[in-house]
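Subject: Handing over the model

Hi,

Here is the structure I promised to pass on. Have a look at it first, and then read my notes below.

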Amino acid sequence: MSISNSLLWRGLLAIVLGVVSVAWPNVTVGALVILFAVYAFIAAAWDAVRAFSSDRAGPVLGWLLLSLLSLAAGIVALAWPGITALVLAVYVGVWAVVTGIVEMVMTFQGSKTAGERALWMLSGLVSVALGVVLFIRPDIGAVSLATVFGLYAIFYGVSAVVLSIHLRKTGDDADLQVVNAAA
């Protein structure tokens with residue numbers, strides 16, 4: 001499959017995913033919770049396999065404990081999807097606050113121009129603000145994250161489709177092999 005075809009299909013899929021995420025953000029949050037549960041069940045199975053493939057007792061107990069914790073996380077995610085969505089939103093909030101603080105600290109590291117410092121500081125403040133909002137209202141935060149994800153997916157999808165069309169017109173698939181390999 002050529003790169004332009006790959007970009008076209010990836011772009012179309014991203015647009016569809018984005019439209020669904022924007023139109024039905026609650027469905028998107030539900031899907032993320034289900035994906036988390038599936039991931040937890042796979043991790044539980046993998047850890048159980050590791051436990052029984054070990055030849056020492058210490059690692060067996062550790063892997064079995066991890067397996068049981070992952071199994072419990074998957075069950076909790078499916079039994080209480082609302083709470084799981086809130087926890088995921090709070091997790092993103094913690095990530096945003098920590099990232100924002102690091103960005104603000106980086107503002108004063110190295111030799112940056114005034115514009116670069118302002119950009120780092122603004123970026124850090126926005127990240128911290130996002131985290132605070134997610135702490136205050138994680139219920140709205142989860143739905144908002146799904147909507148923002150959807151808008152991003154639509155933007156990415158349109159970009160990929162436009163690039164694919166451009167590549168088809170110019171016949172210049174070779175120039176994009178590095179971009180496609182990195183994606």
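Let me start with a definition: rings of Phe, Tyr and Trp (its six-membered ring) count as a pair if their centres lie within 6.5 Å, and planes under 30 degrees apart make the pair stacked, over 60 edge-to-face, and the rest tilted. By that rule the structure holds one aromatic pair. The partners are Tyr152 and Tyr156, and they are stacked, with 6.4 Å centre to centre and 25 degrees between the planes.

Before I go on, some housekeeping. This is a predicted model, so local features need pLDDT of at least 70 and side-chain atom pairs count only at pLDDT 80 or more, while totals for chains, interfaces and linings use all residues. Residues are numbered from 1 along each chain as its sequence is written, and side-chain values use heavy atoms, with hydrogens and water left out.

**The chain as a whole**

The secondary structure comes to seven helices and zero strands. Helices (H or I, at least four residues) and strands (E, at least two) are DSSP runs, numbered from the N terminus. Read from that end, the elements go α-α-α-α-α-α-α.

As for the overall dimensions, the C-alpha trace spans about 60 × 45 × 35 Å along its principal axes. The radius of gyration is 21 Å, whereas a compact globule of 183 residues would have one near 16 Å. That radius is taken over C-alpha atoms, and the globule rule is 2.2 Å times the number of residues to the power 0.38.

Buried residues make up 27% of the 183 in the chain. Here buried means under 20% relative accessible area, exposed means over 50%, and partly exposed is in between (1.4 Å probe, protein chains only). The accessible surface of the chain is about 11600 Å², and 77% of this belongs to carbon and sulfur atoms. Those areas come from the Shrake-Rupley method with a 1.4 Å probe; for residues, only the protein chains shown count as cover.

Contacts (heavy atoms within 4.5 Å) are worth a look too. Among those between residues at least 6 apart in sequence, 75% join residues at least 24 apart.

**The nonpolar patch**

Which residues form a nonpolar patch on the surface? They are Val90, Val94, Val98, Val102, Met106, Val132, Phe135 and Ile136, and together they have about 630 Å² of accessible area. The largest share, five residues, comes from α4. Patches are made of residues with over 30% relative accessible area and no salt bridge; like charges are joined within 9 Å, and nonpolar side chains (Val, Leu, Ile, Met, Phe, Trp, Tyr) within 5 Å.

To pick out one member, Val102 lies in helix α4 and counts as partly exposed because its relative accessibility is 43%.

**Back to the tyrosines, and a salt bridge**

Tyr152 and Tyr156 are four residues apart in helix α6 (residues 138–170), so about one helical turn separates them. Tyr152 counts as exposed because its relative accessibility is 53%. Tyr156 is partly exposed, with a relative accessible area of 27%.

The structure also holds one salt bridge, meaning a side-chain nitrogen of Lys or Arg within 4 Å of a carboxyl oxygen of Asp or Glu. Arg137 forms it with Asp139, and the closest N and O atoms are 3.0 Å apart. Arg137 is partly exposed at 40% relative accessibility, and Asp139 is partly exposed at 38%.

**A few single residues**

Is Ser67 buried or exposed? Ser67 is buried, because its relative accessible area is 10%. This serine lies in helix α3 (residues 57–79). Leaving aside neighbours within four places in sequence, Ser67 is in contact with Ala44, Asp47 and Ala48.

Ile75 is found in helix α3 as well, and it is partly exposed, with a relative accessible area of 47%. Its C-alpha atom is 16 Å from that of Asp47, 28 residues away along the chain.

Over in helix α5 you will find Leu122, which is exposed at 51% relative accessible area. Leu122 and Thr107 are 15 residues apart in sequence and 9.6 Å apart in space, C-alpha to C-alpha.

Cheers
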